[in-house]
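User: Please take a close look at the core of this protein and at the helices packed in and around it. I would like one connected account, with the cut-offs for each term.

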Amino acid sequence: MQRRNFIGLLGLSGASVYGFNVLKKSEYWPDDNTFFNPCLNSQLPPILANHNVVRSAFADIDTTQIWDGHIHLIGIGDSASGIWVNPNSFNPFYLKKYVQFRFFLNASCPSPNMAIDEGFVNRLASLTWGTGVRFLLLAFDHSYNEKGERLLKQTPFYTPNDYAASIHRQYPHQFEWLASIHPYRKDCIEVLEKAVANQARGVKWLPPAMGIDPSSPLCDRFYKALVYWDIPLLCHGGDEQAIDGSHHQKLGNPLLLRRALDQGVKVVVAHCASLGQNRDLDKGTATLVSNFDLFTRLLDESAYKGQIFGDISAMTQIKRVKYLKKLLAHPDWHSQLLYASDYPLPAVIPITSLKLLHEQQLITAEQVNILSQLRQHNALLFDFVLARHIQVEGQHFPTSIFHTRPFWTGVKQLV
Ligand SMILES: [Zn+2]
């Protein structure tokens with residue numbers, strides 16, 4: 001797709017006006033009636049940079065220890081990146097996919113006068129908000145069936161491992177990367193070894209969109225290899241709404257990850273599985289339990305200590321606030337939580353409401369004011385400052401959650 005067509009996508013078509021009317025009746029109508037990120041200069045005006053709300057977020061923080069472990073690497077494939085996007089995402093007929101895609105690309109503010117793929121990375125590089133802060137870029141593999149055959153139609157998009165690794169080589173002090181490898185691939189072990197050789201810090205799966213059942217014996221040889229390389233698995237948990245695949249939400253059941261945990265894999269459950277419900281497979285009943293409660297059950301099991309973690313990315317989104325409050329109020333879980341942003345979602349204006357967070361007494365009116373300005377310049381700094389300030393009855397996330405570098409640097413070196 002050409003830049004001209006992409007710009008057209010950002011205009012208001014009949015289909016998206018219809019989408020907005022649906023939105024208007026929902027909780028997603030934005031606080032200040034502004035849907036799109038204005039993509040202001042990432043350099044903050046001094047009055048904002050020096051404001052106490054921003055400065056105080058850095059108290060007791062060593063920015064060299066912050067590795068944001070959840071940054072989507074996206075684009076439209078208009079460069080040599082090898083990125084592929086399912087054509088349905090460009091087709092207004094498929095309204096949900098079309099509107100989602102438009103919001104994601106707008107939120108990532110691709111720099112002008114270059115390919116969208118390159119503009120995405122260029123803007124992202126400009127968002128580095130502290131000395132030594134690094135971003136872990138996520139590749140995204142195709143869907144596969146159980147015979148190991150690639151399923152292009154069921155693949156929402158594809159971001160090659162080689163592309164993520166090349167961005168790391170280009171900006172070694174800003175970008176790290178996580179490989180995405182479907183475990184049903186016949187060559188999954190070789191692909192993992194190549195990723196380790198190219199300094200991948202972990203592997204990312206999105207089971208509902210990629211068609212992975214983490215409890216399938218088909219995953220066992222991949223789990224063995226992950227343990228051998230001591231490389232963590234960042235696995236989406238709970239319902240998936242941001243990326244549409246054609247697979248079932250039951251694949252987001254956190255209890256399916258017992259198979260990986262029992263084999264010694266280190267697992268990070270993205271967003272602490274904070275959307276949707278699934279069957280309580282431990283009890284074998286049809287009763288539905290929230291994915292978050294199923295996840296925290298695993299968190300509480302002493303046998304999995306040091307093996308199971310949750311990332312707090314996206315937890316400030318409207319639909320997840322209820323569980324965000326539970327996380328804050330449970331200091332016993334905090335040693336198993338990792339800070340991450342889920343970029344570009346913090347820049348997708350309608351899905352995080354500062355007004356709601358204020359109404360729920362998680363942030364102050366002054367913080368709302370500064371954060372809403374900050375978001376227009378730098379969505380990643382916005383996400384960090386917000387995560388530092390949110391609190392329930394005086395209980396904040398501790399500093400240790402933000403110092404994630406030691407977690408991500410445990411990969412064995414090839415000899
Ligand atoms: Zn994500």
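**The nonpolar core and its helices**

The largest nonpolar core holds 116 residues, and Leu137, Trp177 and Ile312 have the most contacts inside it. Such a core is a set of buried Ala, Val, Leu, Ile, Met, Phe, Trp, Tyr and Cys residues joined through C-beta atoms within 7 Å. A residue is buried if 20 or more other C-beta atoms lie within 10 Å of its own, exposed if 12 or fewer, and partly exposed in between, with C-beta atoms placed from the backbone. Helix α16 supplies the largest share of this core, 8 residues.

This is a predicted model, in which local features need pLDDT of at least 70 and side-chain atom pairs count only at pLDDT 80 or more, while totals for chains, interfaces and linings use all residues. Residues are numbered from 1 along each chain as its sequence is written.

Leu137 is in contact with Ile71, Leu73, Ala164, Ile167, Phe175 and Trp177, leaving aside its neighbours within four places in sequence. Contact here means that the C-beta atoms of two residues, placed from the backbone, lie within 7 Å. For the protein as a whole, 47% of the 415 residues count as buried. Among contacts between residues at least 6 apart in sequence, 76% join residues at least 24 apart. The secondary structure comes to 17 helices and 16 strands, taken as DSSP runs numbered from the N terminus (helices H or I, at least four residues; strands E, at least two).

Helix α16 (residues 379-389) packs with helix α15 (residues 365-377): their axes come within 8 Å and cross at roughly 160°. That makes α15 roughly antiparallel to α16. Axes are lines fitted to C-alpha atoms, for helices over the stretch in contact, and angles run from 0 to 180 degrees between N-to-C directions. Angles under 35 degrees count as roughly parallel, over 145 as roughly antiparallel, 65 to 115 as roughly perpendicular and the rest as oblique. The crossing of α15 and α16 is left-handed, a term used if the near helix is turned anticlockwise from the far one by less than a right angle, with clockwise giving right-handed. On the α15 side the contact uses Gln367, Leu371, Leu374 and Arg375, which meet Ala379, Leu381, Phe382, Val385, Leu386 and His389 in α16. By class, this contact of α15 with α16 has 7 nonpolar, 2 polar and 1 charged residues. Ala, Val, Leu, Ile, Met, Phe, Trp, Tyr, Cys and Pro count as nonpolar, Asp, Glu, Lys and Arg as charged, and the others, Gly among them, as polar.

Another pair is α8 (residues 188-197) and α10 (residues 220-229), which pack at an angle of about 20° with their axes 10 Å apart. They are therefore roughly parallel to each other, and α8 passes α10 in a right-handed crossing. Cys188, Ile189, Leu192 and Val196 of α8 make the contact with Arg221, Phe222, Ala225 and Trp229 of α10.

In helix α12 (residues 291-300), 7 of the 10 residues are buried, so the helix is largely enclosed by the rest of the structure. The buried residues are Asn291, Phe292, Leu294, Phe295, Thr296, Leu298 and Leu299. Their cover includes β10 (267-270), β11 (277-279), β12 (288-290), β13 (308-311) and α13 (321-328). Ala303 sits in the loop between α12 and β13 and is exposed, with 9 other C-beta atoms within 10 Å.
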